[in-house]
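Here are some notes to read alongside the model. They go from the whole chain down to a few single residues.

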Amino acid sequence: MISLQALEDLSRDLATRSGGLSVYDMRVDGERLDGAPQRTRYAKHQTLLRSYQGRYVLLPDAAPAGSIVADLMRRYEPSAMQALDALRADLEDELINPILQKASAASAAEDARSYIEALLPTIRTAPPSRFLSYLEASPHREHHYRHFLIQSSADLLAEASASALGVIGEFGAPQSALFRILIDEFGYGEHAKKHSQLFRKTMSGFGLNTEYNAYWPLWDTPALEVHNTIHCLFQSSRHFFKQVGFLLFAETAYQHSTGEHFRYLKKHHPSVDGTYFAEHAHIDIHHTRMVVEEVVVPLIDKFGPEVGHEILTGAEATRAVFAAGDAHMLALALAFDAAAADGRARHGVRPTIPTGAAVTPEAARTVSTQFQLGGMGWILDPSAFEGFPAGSVGRMEVQG
Ligand SMILES: [Fe+2]
Ligand SMILES: [Fe+2]
């Protein structure tokens, strides 16, 4: 297990290398750790995120005042990247492997073919999203939805970049099927149709900043857990069959959930561009079919049940982190609305993203100033934060 000292040292180094561009901001909340479990877990997930982000080409939306080449050299400086990546295996061991082990055990007795046959009908007949159902009746739905978009932006502003890492190499006909799906995700080379661009439009409709990584100070632990689980799979070829399982579950779940979001936006926020969701409700029907018929089934036919189990492990791990993320989103909305009803919290955020210290519920007692909670609003009375669900993260306006 990584020591708090190692996290602190790295955190300091990442802060000095961050510069002024939000897209290259590598800060993590690894300083002044006192061993409090939620805070430590949050810092570890942030560190893993930074390691994974180092695999991407990232450019700022606008040219910086100084040299972009110098910024690029600093962000991807090899020895510093190495120091960060050196912690990756230990972090994955602690944060992600338990999820994979649980998923592996849960699917050990499943037959892959019957699992696949049952997956779509099960998802289709599942009750509506509890989070969206809550928003239907909530006068504060705009704030909750803004919060949802901010948490989702960790992944969706670079949508399919993780899965692109699973397409390079040389592995037969399934590779070409995965590549065709990837082309769709990237809008067939038409920038305005790239899925991350469609997501930007929805974010803009809620007045949000659309630059990748801009909202890192507001991402909470469950959001990072979703991001990091996906990247843990796709950034290592040893997990190839689990990557396929991720795609199997994600494409199947998405064709259903995006329809719900599209209808929700149309009803409650009709001026917001919901093309991102409409597009997925349509295209992921095809993506599911392609994953099943051209990737999953041929791979199991060729390599046997062992591969079926790996695929199911990836699918079940995805189900678990998605479900945990959804449950957290609803629990947080309920906790925040209850605090606001007592006058201890206030809905609504300002356009500036706060960059002060992070606050977790376990440390609420030690805080004396108000702080922002994601995209939802402000916690006015810190003691109200004590009962918030584990994994919640508040952010003070300035470093205190
Ligand atoms: Fe997509
Ligand atoms: Fe898709």
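Predicted model: local features only at pLDDT ≥ 70, side-chain atom pairs only at ≥ 80, totals over all residues.

1. Along the principal axes, the C-alpha atoms of the protein chain fill a box of roughly 60 × 50 × 45 Å. Of the 400 residues, 43% are buried. If you take contacts between residues at least 6 apart in sequence, 78% of them join residues at least 24 apart.

2. Next, the domains. The domain assignment gives domain 1 (1-95) and domain 2 (111-336), and 25 Å separate their centres, taken over C-alpha atoms. Where they meet, 16 residues of domain 1 are in contact with 16 residues of domain 2. On the domain 1 side, the elements giving two or more residues are α2 (37-53) and α5 (88-95). α2 gives the most, with seven residues. Sorted by class, that side of domain 1 has eight nonpolar, three polar and five charged residues.

3. What about the inside? The largest nonpolar core has 94 residues, and the members that touch the most others are V244, L248, V296, I311, F336 and I379. Both domain 1 (1-95) and domain 2 (111-336) give residues to this core, so it lies between them. As a rule, nonpolar side chains in soluble globular proteins tend to be buried together.

4. Leaving out residues up to four places away in sequence, F336 touches A345, L373, M376 and G377. Helix α16 covers residues 305-341, and its 37 residues reach 54 Å from the first C-alpha to the last, close to the 54 Å expected at 1.5 Å a residue. After α16 comes G343, which has a positive phi, near 75 degrees.

5. A160 has a phi of about 75 degrees, though it is not a glycine, and is found in the loop between α9 (141-156) and α10 (161-164). For Y188, phi is near 55 degrees, and its place is in the loop between α11 (173-185) and α12 (195-205).

6. Finally, have a look at D29, in the loop between α1 (4-16) and α2. D29 counts as buried because it has 21 C-beta neighbours inside 10 Å. Which residues does D29 touch, not counting those up to four places away in sequence? They are Y42, A43, Q46 and A358. For Q46, the C-alpha atom is separated from that of D29 by 7.6 Å, with the two residues 17 apart along the chain.

Note on methods
Residues numbered from 1 in each chain as written. Chains lettered and ligands numbered in written order. Domains from an automatic or database assignment. Contact = placed C-beta atoms within 7 Å. Helix = DSSP H or I, 4+ residues; strand = E, 2+ residues; numbered from the N terminus. Nonpolar A, V, L, I, M, F, W, Y, C, P; charged D, E, K, R; others polar. Core = buried A, V, L, I, M, F, W, Y, C linked by C-beta atoms within 7 Å. Buried ≥ 20, exposed ≤ 12 C-beta atoms within 10 Å, placed from the backbone. Expected span 1.5 Å × (residues − 1).
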